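Visitor: Hi! Could you walk me through this one, starting with a backbone detail?

Guide: Happy to, here it is.

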Amino acid sequence: MKKTIVAATVALSAAGFLGVWLYEPGPLGSETVAVAAPAPSSSSADGGASEGAERTLDGSVESNRYGTVQVRLVISAEDKISEVRLLQRPTSGRGVDAIPILQEETLTAQSADIDTVSGATSTSESYVKSLQAALDAR
Amino acid sequence: MNRVEQVMGLPVSVDVRSGGGLAGHAIDGVFGWLREVDARFSPFKADSEVCRYDRGELSPSELSDDLLEVLSLCDHYERLSGGAFTARLPGRRLDPNAVVKGWAVQRAASLLLAEGLDVFCINAGGDVITSGEPEPGRAWRVGIRHPERPDAVCAVVESSGGAVATSAEYERGAHILDGRTGRPPAGLLSVTVAADDLVTADSLATAAFAMGIEGIAWVASQPGCQVLVIDAERQVHRSPRLRLA
């Protein structure tokens with residue numbers, strides 16, 4: 001069951017990713033992207049990589065009117081796709097070799113032990129009310 | 001030693017944890033530099049270099065190397081963002097502030113390092129540069145402001161020798177506009193970028209915020225940065241490699 005899910009996710013992610021990436025379509029042509037040697041990799045979904053370690057999964061070489069594309073997925077220890085790398089990409093279009101897959105969470109509030117605060121606090125009015133002002137006053 | 005001053009229209013906090021008695025003098029130098037930048041590059045001061053250039057009183061060949069560097073950074077991020085980020089909105093005066101802030105504060109950090117001070121945290125209006133560790137074995141803990149609650153954070157990022165910038169509109173009165181439309185962007189509550197330097201972090205955060213929803217995938221694909229984006233649906237989108245505390 002898990003294999004099916006991973007394979008389906010691979011297909012969906014690659015499709016979604018190319019949708020974003022082919023935002024600037026260009027003429028035909030392709031190049032191979034230098035990518036560091038993969039960690040012990042499973043070249044197919046049933047490669048038997050042990051759980052608990054990051055692993056990679058290479059897609060097939062696909063050609064269409066935009067050029068030739070081959071993707072490598074980096075799959076985290078939690079079995080989630082953490083990055084899509086391009087082993088081959090068209091010579092034009094976006095100049096990226098990899099795009100991370102973002103983790104999705106629900107917004108939560110916390111009051112934590114911190115040294116400083118990052119946030120748009122560009123006026124003295126917003127600064128006075130900010131956590132940063134409280135930290136500076138310590 | 002910690003000091004806060006209002007400069008370049010921003011509350012700026014400089015917290016230096018090394019150098020002992022040297023720190024006070026070095027912090028004087030930091031604020032002196034930031035006041036100099038304000039005088040030279042403010043779009044709100046009629047006699048600044050930026051305003052004189054904008055009015056045509058200076059030709060490009062008469063500009064300082066510093067302003068040329070800032071303008072070339074503006075052009076770089078304008079191209080990279082497809083025009084969403086711009087220092088030249090139609091009908092408005094030249095405003096390179098979005099780059100000037102990160103550039104000036106990054107240079108301020110190098111002033112401290114040049115004095116041999118290597119443990120510090122500078123916070124300029126919510127944009128942060130860190131160096132070293134405040135305690136052995138512990139990175140600086142940078143809270144990311146909750147977009148709807150000034151008294152709370154929504155994440156804590158670890159940083160030692162890097163920059164963290166957040167772009168947002170917590171209060172009404174939009175100051176970030178989408179350069180492609182000239183209108184305030186919609187779809188995002190805040191964009192935080194962690195990178196090696198503040199020019200990169202601040203410019204990418206501002207550009208992504210200006211782009212709206214499409215800025216999420218765009219900023220995540222930029223090399224050398226980790227992001228935490230909160231959209232208007234209160235969904236958090238986070239790079240897997242962002243260093244959370």
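**Backbone, interface and salt bridges**

Visitor: Where is B:Arg234 found?

Guide: B:Arg234 sits in the loop between β9 (225-231) and β10 of chain B. Helices and strands here are DSSP runs (H or I, at least four residues, for helices; E, at least two, for strands), numbered from the N terminus. This is a predicted model, in which local features need pLDDT of at least 70, side-chain atom pairs count only at pLDDT 80 or more, and totals for chains, interfaces and linings use all residues. Residues are numbered from 1 along each chain as its sequence is written, chains are lettered from A and ligands numbered from 1 in the order in which they are written, and side-chain values use heavy atoms, with hydrogens and water left out.

Visitor: What is phi of B:Arg234 near?

Guide: Near 65 degrees, a positive value in a residue other than glycine. As background, most residues other than glycine have a negative phi.

Visitor: How accessible is B:Arg234?

Guide: B:Arg234 is partly exposed, at 35% relative accessibility. The cut-offs, with a 1.4 Å probe and protein chains only, are under 20% relative accessible area for buried and over 50% for exposed, with partly exposed in between.

Visitor: And B:Met8, what is its phi near?

Guide: Phi of B:Met8 is near 55 degrees, again positive in a residue that is not glycine. B:Met8 lies in the loop between β1 (2-7) and β2 (10-16) of chain B. With a relative accessible area of 18%, B:Met8 is buried.

Visitor: Switching to the interface. How many residues of chain B are in contact with chain A?

Guide: 55 residues of chain B touch 41 residues of chain A, where contact means heavy atoms within 4.5 Å.

Visitor: What area do chain B and chain A bury between them?

Guide: About 3800 Å², 51% of it on carbon and sulfur atoms. That is the accessible area (1.4 Å probe) that two parts lose on being put together, summed over both.

Visitor: How many residue pairs are in polar contact between chain B and chain A?

Guide: The count is 24 residue pairs, both residues at pLDDT 80 or more. Strand β6 (residues 149-159) of chain B gives the largest share of the side of chain B that touches chain A, with eight residues. That side divides into 29 nonpolar, 14 polar and 12 charged residues. A polar contact is a pair of N or O atoms within 3.5 Å; within protein, one must be able to donate a hydrogen and the other to accept it, and residues adjacent in sequence count only if both atoms are side-chain atoms. As for the classes, Ala, Val, Leu, Ile, Met, Phe, Trp, Tyr, Cys and Pro count as nonpolar, Asp, Glu, Lys and Arg as charged, and the others, Gly among them, as polar.

Visitor: How many salt bridges cross that interface?

Guide: The rule finds three between chain B and chain A, taking a side-chain nitrogen of Lys or Arg within 4 Å of a carboxyl oxygen of Asp or Glu. In one salt bridge, the side chains of B:Arg241 and A:Glu83 meet at 2.8 Å, N to O.

Visitor: In which sense do β7 of chain A and β10 of chain B pair?

Guide: Strand β7 (residues 103-106) of chain A and strand β10 (residues 235-238) of chain B pair in the antiparallel sense, over four bridges. Pairing needs at least two bridges found by DSSP. A:Gln103 has B:Arg238 in β10(B) as its bridge partner.

Visitor: How many salt bridges are there over all chains?

Guide: A search of the whole structure finds 24. In chain B, the side chains of B:Arg107 and B:Glu69 meet in a salt bridge (3.9 Å, N to O). B:Arg107 is in helix α4 (residues 97-114) and B:Glu69 in helix α3 (residues 65-80), so the pair ties together parts that are 38 residues apart in sequence.

Visitor: Last topic: how many helices and strands are in chain A?

Guide: Three helices and eight strands. Of the 138 residues of chain A, 38% count as buried. A:Arg72, in strand β4 (residues 67-75) of chain A, is buried at 7% relative accessible area. Its side chain makes a polar contact of 2.6 Å with that of A:Asp58.
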